[in-house]
Amino acid sequence: MHNFGEVILASTQFTDTFEVKKRPALVLFEEYGNIVVAGITSNLNMKGVSLLKKEGAIKDSIVKLNYIFTISEKMAEKVLFNISKEKKDLIKKEIIKKIN
């Protein structure tokens, strides 16, 4: 079972190809064996919430709240780290802004 705030290594399919690669993703929630995640990129020019090395990321990155998708629990390889309560609160706030 995966929980909100876990950064996982997951097999993800790119939107413009059928290519599958292992990428970090932020777990938003899991239900019935499906994990809803937000993609993470090291491209700091992208919009989203920053995720820094000092917070556990391999390199400074961005949680892309405009790139939310569902993966099977079988596609989640491992948990890399958990984000802080403050970062969880910020992500919740930013998601709510997007859906309002």
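Two strands count as paired if DSSP finds at least two bridges between them. Helices (H or I, at least four residues) and strands (E, at least two) are DSSP runs, numbered from the N terminus. These legends go with a predicted model, where local features need pLDDT of at least 70, side-chain atom pairs count only at pLDDT 80 or more, and totals for chains, interfaces and linings use all residues. Residues are numbered from 1 along each chain as its sequence is written, and side-chain values use heavy atoms, with hydrogens and water left out.

**View 1. The six-stranded sheet, laid out strand by strand.** Read across, the order is β4-β5-β3-β2-β1-β6; the sheet is open and its pairing antiparallel. At the edges sit β4 (49-51) and β6 (76-82), each pairing on one side only. From one strand to the next, the twist averages 50° (axes are lines fitted to C-alpha atoms, for helices over the stretch in contact, and angles run from 0 to 180 degrees between N-to-C directions).

**View 2. Where β4 meets β5.** Three bridges hold this antiparallel pair, with β5 covering residues 61-72. Look for L51: its bridge partner in β5 is S61. As a reminder, strands of a sheet pair through backbone hydrogen bonds, either parallel or antiparallel.

**View 3. β1 and its two partners.** Strand β1 takes in residues 6-13, and seven of its eight residues are buried (under 20% relative accessible area; exposed is over 50%, partly exposed in between, with a 1.4 Å probe and protein chains only). It pairs antiparallel with β6 over five bridges, while seven bridges join β1 to β2 (residues 20-31), again antiparallel. L9 is a handy landmark: it stands opposite K78 in β6 and opposite P24 in β2.

**View 4. A25 in strand β2.** Is this alanine buried or exposed? A25 counts as buried because its relative accessibility is 0%. Leaving aside neighbours within four places in sequence, A25 is in contact (heavy atoms within 4.5 Å) with E6, V7, I8, V37, A38 and I40. The C-alpha atoms of A25 and L80 are 9.6 Å apart, though 55 residues separate them along the chain.

**View 5. K87 in helix α1.** The helix spans residues 85-99, and K87 is buried there, since its relative accessible area is 9%. What does the K87 side chain make a polar contact with? The partner is the side chain of E55, at 3.3 Å (a polar contact is a pair of N or O atoms within 3.5 Å; within protein, one must be able to donate a hydrogen and the other to accept it, and residues adjacent in sequence count only if both atoms are side-chain atoms). Not counting residues up to four places away in sequence, K87 touches V49, S50 and E55.
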